[in-house]
Amino acid sequence: MLQLGKKQTLRILKVMDFGAYLSDDPKASKDQQVLLPAKEVPENPEIGDKVDVFIYRDSEDRLIATVREPLLTVGGGTAILKVKDVNRVGTFLDWGLERDLLLPYHEQTYQPDKGDEVLVALYIDKSSRLCATMKVYHDLETDSPYSAGDIVSGLVYETSGNFGTFVAVDDRYSAMFPKNEGRQIYHPGMRAEFRVSRVLPDGKLELATKEKSYELIDSDASAVLAEIEKRGGSLPFDDKASPELIEKTFHLSKNAFKRAVGHLLKEKKVEKKDGKIVIRKGLLPAEERS
C-alpha cells in the first residue's frame with residue numbers, strides 16, 4: 001500500500017524511458033503504482049529491485065516518488081523550515097524536495113515573512129494533500145532529558161488566553177509557560193530561555209522565567225513604579241483590576257502585578273487610595289509635587 005507523506009521501501013515493477021513504476025505488490029494495478037522519475041532511478045535498474053523512496057504529490061497533484069530525503073514526514077515529528085515565498089494562497093516552505101510545501105493561513109499561529117524559519121509538522125488535509133502546520137502541540141515529544149531547575153531554550157509557537165504560552169524546548173519537546181506564572185511577554189516566533197519548574201506526569205515540561213522569584217519581584221516592582229511615575233504619580237486602578245487591563249499595561253499576570261504592588265506597599269513607596277495606586281508624598285520629584 002502506498003503511504004502518502006512517508007518513507008517506504010518499494011520494488012521496481014516496470015522501467016520506462018521517463019522513469020520506473022514502483023509498488024509493494026508485484027501484482028499491483030496501475031492505480032497502486034507510483035512513478036519514480038527517470039533522473040532519480042538507480043543505475044542499471046532491474047525488475048524487483050528495492051528502492052527507498054518518499055511519496056508526495058507533484059504539481060498536478062499526482063502521487064510521485066522521490067529518493068530525495070524530505071525534512072518532514074507524516075507522524076515524524078517537527079522540523080524548522082525556511083519560508084521561500086508568501087502569497088494569497090499561503091506560505092511556501094523549503095522542505096528539501098522539488099515542490100515547496102504549503103503552509104495554509106489557517107494553520108499559522110502568526111504570519112511569517114519570506115526568509116523566516118518556522119517550526120512545523122506535516123499532515124494530510126481533507127483533499128489528500130500534504131501541508132504544513134504551525135499548530136504542533138500533538139507532534140512534540142514528551143521524553144525530554146530535563147529536570148526541575150534546569151535552564152532550557154525554547155521557541156514560542158502559540159499562545160492561549162486560557163492556558164498560557166506554548167513552547168517547543170529545543171524545537172522538539174512539549175512545554176508550557178502557564179498563564180498565572182508571571183510575565184506574559186512572549187509571542188509566537190520568539191526564542192527565549194526558561195527555567196523548568198516541574199516535569200508533569202505525562203512528560204511535558206512546565207516552565208517559569210529564568211530569573212528567581214525574588215529577582216522578578218524586584219524587577220516587576222521597579223517597572224510598576226516607573227509606570228506610575230510616568231503617569232504623574234497616580235495609577236487609575238489598583239491590584240483588583242482585570243487581568244486584561246494589567247497585562248495590557250504592564251505585560252504582567254495579575255498575580256505578578258499583585259506581588260509587585262505588595263512589594264511597593266511593604267517598602268512604603270506607594271499607597272492605595274480610592275481604587276488607585278499613588279506614590280507616597282515626598283517620593284515624587286519636586287516639579288511633580290508642586
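Author: By class, the lining of the largest cavity has 7 nonpolar, 2 polar and no charged residues. Here Ala, Val, Leu, Ile, Met, Phe, Trp, Tyr, Cys and Pro count as nonpolar, Asp, Glu, Lys and Arg as charged, and the others, Gly among them, as polar. A cavity is a set of points on a 1 Å grid over the protein atoms alone where a 1.4 Å probe fits but cannot get out, and lining residues have an atom within 4 Å of a point.

This is a predicted model: local features need pLDDT of at least 70, side-chain atom pairs count only at pLDDT 80 or more, and totals for chains, interfaces and linings use all residues. Residues are numbered from 1 along each chain as its sequence is written, and side-chain values use heavy atoms, with hydrogens and water left out.

The structure holds 1 cavity of 30 Å³ or more. The volume of the largest cavity is about 40 Å³; that is the space filled by probe spheres set on the points, which are joined across faces, edges and corners. Its lining consists of Thr109, Tyr110, Val118, Leu119, Met134, Leu155, Val156, Tyr157 and Gly189. Strand 9 (117-124) and strand 11 (151-160) are the elements that give two or more residues to this lining. Strand 11 supplies the largest share, 3 residues. Strands are DSSP runs (E, at least two residues), numbered from the N terminus.

Now to strand 13 (173-178). Ser174 is found there. Its relative accessible area is 2%, so Ser174 is buried. Buried means under 20% relative accessible area, exposed over 50%, and partly exposed in between, with a 1.4 Å probe and protein chains only. Not counting residues up to four places away in sequence, Ser174 touches Tyr137, Leu140, Glu141, Thr142, Val167, Lys204 and Leu205. Contact means heavy atoms within 4.5 Å. In the loop between strand 12 (164-169) and strand 13 sits Asp171. Its phi is positive, near 65 degrees, and Asp171 is not a glycine.

Aromatic rings come next. A search of the whole structure finds 13 aromatic pairs. Rings of Phe, Tyr and Trp (its six-membered ring) pair if their centres lie within 6.5 Å; planes under 30 degrees apart count as stacked, over 60 as edge-to-face and the rest as tilted. Phe177 and Phe194 form a tilted pair, 6.1 Å centre to centre with 50 degrees between the planes. This pair links distant parts of the chain: Phe177 is in strand 13 and Phe194 in strand 14 (residues 191-199), 17 residues apart. Phe177 has a relative accessible area of 0%, so it is buried. Phe194 is also at 0% and therefore counts as buried. Phe250 and Phe257 have ring centres 5.2 Å apart and planes at 25 degrees, so that pair is stacked. Both Phe250 and Phe257 are buried. Ring pairs also join Phe54, Tyr56 and Trp95 into a cluster.

Two loop residues remain. Gln33 lies in the loop between strand 2 (19-23) and strand 3. Its relative accessibility is 17%, so Gln33 counts as buried. A polar atom of its side chain lies 3.0 Å from the backbone oxygen of Ala28. Beyond neighbours within four places in sequence, Gln33 is in contact with Leu2, Leu13, Tyr21, Leu22, Ser23 and Ala28. Asn44 is in the loop between strand 3 (34-37) and strand 4 (50-57). Asn44 has 67% relative accessibility, so it counts as exposed. Its phi is positive, about 50 degrees, although Asn44 is not a glycine.

Technical notes. Helix = DSSP H or I, 4+ residues; strand = E, 2+ residues; numbered from the N terminus. Polar contact = N/O pair within 3.5 Å; in protein donor to acceptor, adjacent residues only side chain to side chain. 1 Å grid on protein atoms, 1.4 Å probe; cavity = no way out; pocket = protein on both sides within 12 Å on 5 of 7 lines; lining within 4 Å.
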